[in-house]
Amino acid sequence: MSSTTRVTPEEALAYHLEPRPGKYDIVASTPMATQRDLSLAYSPGVAVPVQAIADNPALAYDYTVKGNIVAVISNGTAILGMGNLGALAAKPVMEGKAVLFKRFADVNAIDIELDTEDPDEIIKAVSLMGPTFGGINLEDIKAPECFIIEQRLKEIMDIPVFHDDQHGTAVICAAGLINALELSGKKIEDCRIVLNGAGAAGIACLELLKRMGAKHDNCIMCDTKGVIWQGRTEGMNQWKSAHAANTPLRTLDEAMVGADVFLGVSAKGAVTPEMVSAMAENPVIFAMANPDPEITPEEAHAVRPDAIVATGRSDYPNQVNNVLGFPYLFRGALDIHARAINDEMKIACAKALAALAREDVPDEVAMAYGRKLSFGRDYIIPTPFDPRLIYVIPPAVAKAGMDTGVARRPIIDMKAYEQGLRSRMDPTASILQGVHARAKQAQARMIFAEGDEPRVLRAAVAYQRAGLGRALVVGREADVREKLDAVGLGDAVRELEIVNAANSRYLDTYKDFLYARLQRQGQDRQDIHRLAARDRHVFSALMLQHGHGDGLVTGVTRKSAHVLSLINNVFDAKASDGAVGVTALLHKGRIVLISDTLVQEWPEPEDLATIAIRSAGVARSLGLEPRVAFVSFSTFGYPVSERATKMHDAPKVLDRIGVDFEYEGEMTVDVALNPEQMKNYPFCRLTGPANILVVPARHSASISVKLMQEMAGATVIGPILTGVKKPIQICSTNSTVNDILNMAVMAACKIGQ
């Protein structure tokens, strides 16, 4: 994956250090609390599945994690374009690959770094681990050793062995090329294809395209010494020789004349505008060098507006991104207990990806990317965060595996399989990715009110360096500089815009506005000066009110109720004004909104209806279809209690108003969230588990959120302030840097507006 987001060394190290070193934990999936649990998990109960597997080895897929675990294996000889830095240095990359497997396809993965450059030692070590895993993902092993290792392991192991640096790139490249050729009206068997970069990825790309119909003599492979032609001896090996063409061409410049397709897995600037000019009509250019392409889309289109261009970068259309392939290839392979991932499965993956890009793009994907995506020259490959990938690609891979005889356990009911894959989707990650993408589109000027707090400053730097917008930090320059120096971000002081009452040319305007607003509330001119010039929360709110920023994040250094009272000097953010606080809880792939967690102390039925309406707006801003439950200790009138009455009456208020979302109540939390419990009330109007819980009072909301955070480890975003005319988000005092950044993103996207 390639990205243009700027990160400092300090930020990168902090990410890998906090909250615990590394990027993943191992969590038990079965009960482990009692002596009986332990007896079942280990001795004596474990003897039963041991004997069952000894009698029938195929049962290992039923009684162990073998069927859903992959080994990510490297020796660190070709790390992310950084070169040979060794096995130990490769560990952060391999951990990252492991979490991508989990994030995108719910495949468990363990990283294993082997401290040797001897192919035979690697082959032996990996082959001996075969009983443990359902598949092997080789990563960052240099050529030509990677070819030797993969080929030998495929021969001796009975589980899939896949070198993603080769085949992952090849699969996504093939998917994009299918669509690019369709748009340009060409057939692969007729195309002249030029490949620059004869390493592992380049060779794999050409091999797969030849399997898909490209003709050998139409494919010209180049390396740093020019065209690989039949008879060349310099810098050759057996893998290059297999693709040597019978051609008089000797240089990349010569090869590009009249070429239909260019594939680059080489180096920045390897292709010139003159080379592109010489290509055939409607040329296809996949400039996949990482992190900078062989030629940029702007440079290519300047000389050839008819070109279809793809790169490895996320800031250009048509990103060739391996994460579109390897998680789903392994998901499909694991689910049929495959013996291998063969070419037919790779081609099926490519064709399924190409077909998906031709379909109508869901609204949530368009929302995430801030623009409508539709099949065409700037959209030939699906986006990595398309929620359909998980249930479209693995079935295609699995079917190809079954058709070619590598499946140990074929899938009988493919429709049920697809439905099961849908349930593996973690909506929380895609929701956060979506709002971050929208924030990047919005480019909001974000006011960070507490410029003397290191966490706030780190979040402000991250906001700006992530390309989300402009960070405006309220504080004294000397303080900001000192705090940034202390956290190793001293160079960032030049990037941030530091504002305060002393350097603001708008202070008099702010004070006039505030005096006009508060003069009949017991505030004189001196009071107004103190508020506007000395209180950073008020000053920041005044900046926002006057359009000198697009959003405001505050609350890290003071209690939320106090901060809200200060903001109310500038904005109408009281319960009587219809303001509501909505907190998002993200836990185990579910997202639930709890309201009101900030403003309404003891809401009455009409207030509860307002809370539900505001919360539904927040849900839709996040890409969720609202299902509201008014929760209590009572369910549909039993037990009877005056404290539950208002929760019983609130839905009736919505009945009178007439709203366009689902709601029901009153009910207990288990009925609201558990479909099995909900079935006991067939008259319930909710079509599925609630994703918004409207609670009786602010104290119960606070207790619920903090209990989930502390006991269950839920991720908390909020409270998200809604019902105020400008985007203001009030963090909690225990917010982490990431929490503050998420709140800034919410403000940038105008969530709740």
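This is a predicted model: local features need pLDDT of at least 70, side-chain atom pairs count only at pLDDT 80 or more; totals for chains, interfaces and linings use all residues.
Modeller: A definition to start: a residue counts as buried under 20% relative accessible area, exposed over 50%, and partly exposed in between.

Biologist: Is Asn 75 buried or exposed?

Modeller: Asn 75 sits in the loop between β1 (69-74) and α5 (91-105). The relative accessible area of Asn 75 is 5%. The cut-off for buried is under 20%. Asn 75 is therefore buried.

Biologist: Which backbone oxygen does the side chain of Asn 75 reach?

Modeller: Leave aside the neighbours of Asn 75 within four places in sequence, and the residues in contact with Asn 75 include Gly 86, Leu 114, Thr 116, Glu 117 and Asp 140. One of these supplies the backbone oxygen, with a separation of 3.1 Å from the side chain of Asn 75. That oxygen belongs to Thr 116.

Biologist: Is Ser 595 buried or exposed?

Modeller: Ser 595 is found in strand β16 (residues 590-595). Beyond four places in sequence, Ser 595 is in contact with Gly 581, Val 582, Ile 611, Ser 615, Leu 693, Val 694 and Val 695. The relative accessible area of Ser 595 is 0%, so Ser 595 is buried.

Biologist: How many nonpolar residues are in the contact of α8 with α15?

Modeller: α8 passes α15 in a right-handed crossing. From α8, the contact residues include Val 171, Ile 172, Ala 175, Ile 178 and Glu 182; from α15, they include Lys 346, Cys 349, Leu 353, Ala 357 and Arg 358. By class, two residues are polar and four are charged. The nonpolar count is 10.

Biologist: At roughly what angle do the axes of α8 and α9 cross?

Modeller: Helix α9 covers residues 200-211, and the axes of α8 and α9 come within 8 Å. The crossing is right-handed.

Biologist: How many charged residues are in the contact of α8 with α9?

Modeller: Asp 165, His 167, Ala 170, Cys 173 and Leu 177 are among the α8 residues that meet α9. Ala 200, Ala 204, Cys 205 and Leu 208 are among their partners in α9. This contact has 11 nonpolar and three polar residues. The charged count is one.

Biologist: What is omega for the cis peptide bond that joins Asn 290 and Pro 291?

Modeller: Most peptide bonds are trans. The bond between Asn 290 and Pro 291 is cis. Pro 291 sits in the loop between β9 (284-287) and α13 (297-303). Omega is about 10°.

Biologist: What is omega for the cis bond from Tyr 638 to Pro 639?

Modeller: Pro 639 lies in the loop between β17 (627-631) and α27 (642-657). The peptide bond from Tyr 638 to Pro 639 is cis, with omega near -5°.

Biologist: What is the phi of His 337?

Modeller: Most residues other than glycine have a negative phi. His 337 has a positive value. His 337 lies in the loop between α14 (326-335) and α15 and is buried, at 10% relative accessible area. Its phi is near 50°.

Biologist: And what is the phi of Lys 750?

Modeller: Lys 750 sits in the segment after α31 (737-748). Lys 750 is not a glycine, yet has a positive phi, of about 60°.

Biologist: How far apart are the C-alpha atoms of Glu 359 and Ala 310?

Modeller: Glu 359 lies in the loop between α15 and α16 (363-369). With a relative accessible area of 43%, Glu 359 is partly exposed. Glu 359 and Ala 310 are 49 residues apart along the chain. Their C-alpha atoms are separated by 19 Å.

Biologist: How far apart are the C-alpha atoms of Pro 19 and Thr 736?

Modeller: Pro 19 is in the loop between α1 (9-17) and α2 (35-41). Pro 19 is exposed, because its relative accessible area is 79%. Along the chain, Pro 19 and Thr 736 are 717 residues apart. The separation of their C-alpha atoms is 9.9 Å.

Terms used
Residues are numbered from 1 along each chain as its sequence is written. Side-chain values use heavy atoms; hydrogens and water are left out. A crossing is left-handed if the near helix is turned anticlockwise from the far one by less than a right angle, and right-handed if clockwise. Helices (H or I, at least four residues) and strands (E, at least two) are DSSP runs, numbered from the N terminus. Contact means heavy atoms within 4.5 Å. Ala, Val, Leu, Ile, Met, Phe, Trp, Tyr, Cys and Pro count as nonpolar, Asp, Glu, Lys and Arg as charged, and the others, Gly among them, as polar. Buried means under 20% relative accessible area, exposed over 50%, partly exposed in between (1.4 Å probe, protein chains only). A polar contact is a pair of N or O atoms within 3.5 Å; within protein, one must be able to donate a hydrogen and the other to accept it, and residues adjacent in sequence count only if both atoms are side-chain atoms. Axes are lines fitted to C-alpha atoms, for helices over the stretch in contact, and angles run from 0 to 180 degrees between N-to-C directions.
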